[in-house]
Amino acid sequence: MSFTATALEGTKTEQYAQLTQQAAALTAGEPNRIANAANISALVYHALPEVNWVGFYLFDGTELVVGPFQGQPACVRIALDKGVCGAAATTRETQRIADVHAFEGHIACDGATRSELVVPLYDGDTLIGVFDLDSPIPDRFDADDQAGLEAIARVYLSPSL
């Protein structure tokens with residue numbers, strides 16, 4: 001593997017474009033979703049400021065099960081009708097939550113988390129899982145973060161082979 005993480009520069013949109021390119025380079029030629037989830041989690045966790053958890057929950061046919069991540073130990077299983085991750089998985093829409101304590105049904109895996117962004121991962125109509133980011137900062141994620149993280153999620157779903 002020939003990969004080097006480089007410091008992100010420019011506007012937030014430009015930084016996400018660079019991060020997406022890094023994710024594409026990191027996953028190029030690797031079809032294994034677990035390996036790619038592990039590397040993307042590490043890449044994003046170390047690149048973005050003010051995040052305390054970055055990772056994947058993978059659908060096992062019944063519920064979401066914790067996959068590769070960076071951060072404190074996490075909840076292992078999340079029902080599809082629970083929490084921000086369950087909401088993203090069932091609505092098929094990214095959930096950008098400014099204050100997790102105001103989100104009905106929020107699951108507090110890490111009490112330090114104040115805001116969250118969860119991107120649903122679908123391959124056509126098949127639920128693969130979710131890409132989840134937490135922050136100890138209220139309202140940490142904005143529309144630029146959402147667009148950038150959705151682009152990284154697309155790389156995860158379709159790595160360059």
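Helices α2 and α4 are roughly antiparallel to each other, because their angle falls in the class over 145 degrees. The model is a predicted one, in which local features need pLDDT of at least 70 and side-chain atom pairs count only at pLDDT 80 or more, while totals for chains, interfaces and linings use all residues. Residues are numbered from 1 along each chain as its sequence is written, and side-chain values use heavy atoms, with hydrogens and water left out.

Select residues 33–47 for α2 and residues 143–157 for α4, and you will find them packed at an angle of about 155°, with axes 10 Å apart; helices here are DSSP runs (H or I, at least four residues), and strands are too (E, at least two). The axes are lines fitted to C-alpha atoms over the stretch in contact, with angles from 0 to 180 degrees between N-to-C directions.

Next, show R33, N36, A37, I40 and V44 of α2 together with L149, I152, Y156 and L157 of α4, which make the contact (heavy atoms within 4.5 Å).

Now colour the largest nonpolar core, a set of 26 residues that are buried (under 20% relative accessible area, 1.4 Å probe, protein chains only) and joined through side-chain atoms within 4.5 Å. V44, F131, L149 and I152 touch the most other members, and the largest share, five residues, comes from α4.

Centre on L149: leaving aside neighbours within four places in sequence, L149 is in contact with Y16, V44, L48, L117, V119, F131 and L133.

Note on methods:
Parallel < 35°, antiparallel > 145°, perpendicular 65-115°, else oblique. Buried < 20%, exposed > 50% of the residue type's maximum accessible area, 1.4 Å probe, protein only.
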